[in-house]
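The following account leads the reader through a single structure, one part at a time. Please look over the sequence and the model before reading on.

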Amino acid sequence: MENTAIETQELINQYYNLAVNHFNQGKSGYQTKNILIEEGLSADLATLIVEKIEMQIHEAQQEHAHSQAKKDMLYGALWCIGGTILTLSNIGFIFWGAILFGGIQFFRGLINLSS
């Protein structure tokens, strides 16, 4: 009984890896599902595998966007604060470019983080 379960899991892992390879080659979920069915997998299992991979891709994209938004906020704040400090240090220049750029980048990150 255990060998059958292990063999079944290994077979599902092979189909999963096959599906991931097709996604990496730029195939759509629909195309990948059809390929899995042609390889002998049932339509229900092929759909489950493709949906799981698509969900993982979506989650990874969201994590990347979240991370990028935080970086934009950090660097934007640094530019804005740095420009403000240099302007207030009375060295004869107004660093409005750094302040404006930093403010825009900070708020762009804040908007992206909230969406």
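Leaving aside residues up to four places away in sequence, His 22 touches Lys 27, Thr 32 and Ile 35, where contact means heavy atoms within 4.5 Å. The model is predicted: local features need pLDDT of at least 70, side-chain atom pairs count only at pLDDT 80 or more, and totals for chains, interfaces and linings use all residues. Residues are numbered from 1 along each chain as its sequence is written, and side-chain values use heavy atoms, with hydrogens and water left out.

His 22 lies in helix H1 (residues 2-24); helices (H or I, at least four residues) are DSSP runs, numbered from the N terminus. With a relative accessibility of 14%, His 22 counts as buried, a term that means under 20% relative accessible area, whereas exposed means over 50% and partly exposed lies in between (1.4 Å probe, protein chains only).

Helix H2 spans residues 29-38, and its buried residues are Gly 29, Thr 32, Ile 35 and Leu 36. Viewed down the axis of H2, these residues fall within an arc of 125 degrees, so they line one face of the helix; the arc is that of the directions from the helix axis to the C-beta atoms. An α-helix has 3.6 residues a turn, so residues three or four places apart point the same way. The face of H2 turned away from the buried side carries the exposed residues Tyr 30 and Glu 38. After H2 comes Gly 40, whose phi is positive, near 110 degrees.

Attention now turns to the aromatic rings. Rings of Phe, Tyr and Trp (its six-membered ring) pair if their centres lie within 6.5 Å; planes under 30 degrees apart count as stacked, over 60 as edge-to-face and the rest as tilted. By this rule there are 3 aromatic pairs. The rings of Trp 79 and Phe 101 have centres 5.7 Å apart and planes at 90 degrees, so this pair is edge-to-face. The pair links distant parts of the chain, 22 residues apart: Trp 79 is in helix H3 (residues 43-88) and Phe 101 in helix H4 (residues 96-114).

How exposed are the two partners? Trp 79 is partly exposed, with a relative accessible area of 47%, and Phe 101 is also partly exposed, at 44%.

Terms used:
Helix = DSSP H or I, 4+ residues; strand = E, 2+ residues; numbered from the N terminus.
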